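Dear colleague,

Please find below the structure that I am handing over to you.

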Amino acid sequence: MKKILFMLCFLLFITPIQAIESGVIENVEVESCNSQTIQIRITNKLYKLSLFNTLIIDKTAAYKYICNELNKSVVTIEIDPLVNNYDNVLDAWVFVDGELLQSKLVEKRVAKPASLNKNYKYTDKMIVSDKSVIAIQNDYEIKKDINKRGIYFLIGLLICGCLCYIVIIILGRKAHNGKETTRGINSFWKKRKAEKTRT
C-alpha cells in the first residue's frame, strides 16, 4: 500500500514538469499580474512566471506594459533549452500574439538583456531591439579591425626591413669582388674611400 501511495505522489509530482520541459506551451492562462509577480496556470497548477534573460530597468513602466499585454493577448511561453526550472517558478521566453515580449520591453527602454549569451535561443532578437548594444558591438568591431590592420602594418615593416638588410649585404659582398670581409659592409666602404683619396 505504501509503495502505491509513493508511486501516485511521484507521478503527481513529475506530470507538470514533463509538460514544462516540452519547450513551447501555448494559450497560457494568466491568473494575475502586478509589479510583484506574474502568475500563470498550466495543467491546473499555478506557476510564478519570470521573463528569461531580462533585466528590468523601469519597474513601474515595465510591469504596467507587461500586465496590459498579458491580460489582453494570446500568451505563449517557451522554455529555453539551457534553462532548468524548479519548484513553481518558470523562467521563460514570453510571446504575446506571436511577438517576443522581452524584445518589446527592450524597444521601449524599460528593460535590457541580462546576458548577451547567444547560446540562449532569442538573445539575438533582444540585441537587435537594443540600439545601445548594437552601437557597442559596432564600436568593438571597428576597434578590432583597426588593431588587426596595425598588426599587419608592423609585420609588413619588419619583413621589408629584413629584406632590405639582406639585399644590402648581398650587394656589398658582390661589390667587394667576391672576397669575404670580417668587418662587413662598413669595412668595404672605408677601403673604397681610401682608394679614392690615393688617386
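The protein has six helices and nine strands. Please bear in mind that this is a predicted model. Of its 199 residues, 30% count as buried. The accessible surface comes to about 14,500 Å², and carbon and sulfur atoms account for 58% of that area. Among contacts with a separation of 6 or more, 57% are between residues 24 or more positions apart.

Leaving aside its neighbours within four places in sequence, isoleucine 40 is in contact with Val28, Glu29, Val30, Glu31, Lys45, Leu46, Tyr47, Leu49, Ile77 and Leu90.

One of these partners, glutamate 31, lies in strand β2, which covers residues 29–33. Its relative accessibility is 35%, so glutamate 31 counts as partly exposed. Beyond its neighbours within four places in sequence, glutamate 31 is in contact with Gln39, Ile40, Arg41 and Leu46. Glutamate 31 and arginine 41 are 10 residues apart in sequence, and their C-alpha atoms are 6.6 Å apart in space. The side chains of these two residues make a polar contact at 3.0 Å.

Threonine 76 lies in strand β6 (residues 75–78). Is this threonine buried or exposed? Threonine 76 is buried because its relative accessible area is 19%, and the cut-off for buried is under 20%. Apart from neighbours within four places in sequence, the contacts of threonine 76 are Val24, Ile25, Glu26, Asn27, Trp93, Val94 and Phe95.

Which residues make the nonpolar surface patch of about 840 Å²? They are Ile151, Tyr152, Ile155, Ile159, Leu163, Tyr165, Ile166 and Ile170. One of them, leucine 163, lies in helix α5, which runs over residues 131–175.

With kind regards

Key: Residues are numbered from 1 along each chain as its sequence is written. This is a predicted model: local features need pLDDT of at least 70, side-chain atom pairs count only at pLDDT 80 or more; totals for chains, interfaces and linings use all residues. Side-chain values use heavy atoms; hydrogens and water are left out. Patches are made of residues with over 30% relative accessible area and no salt bridge: like charges are joined within 9 Å, nonpolar side chains (Val, Leu, Ile, Met, Phe, Trp, Tyr) within 5 Å. Accessible areas come from the Shrake-Rupley method with a 1.4 Å probe; for residues, only the protein chains shown count as cover. A salt bridge is a side-chain nitrogen of Lys or Arg within 4 Å of a carboxyl oxygen of Asp or Glu. Helices (H or I, at least four residues) and strands (E, at least two) are DSSP runs, numbered from the N terminus. Buried means under 20% relative accessible area, exposed over 50%, partly exposed in between (1.4 Å probe, protein chains only). Contact means heavy atoms within 4.5 Å. A polar contact is a pair of N or O atoms within 3.5 Å; within protein, one must be able to donate a hydrogen and the other to accept it, and residues adjacent in sequence count only if both atoms are side-chain atoms.
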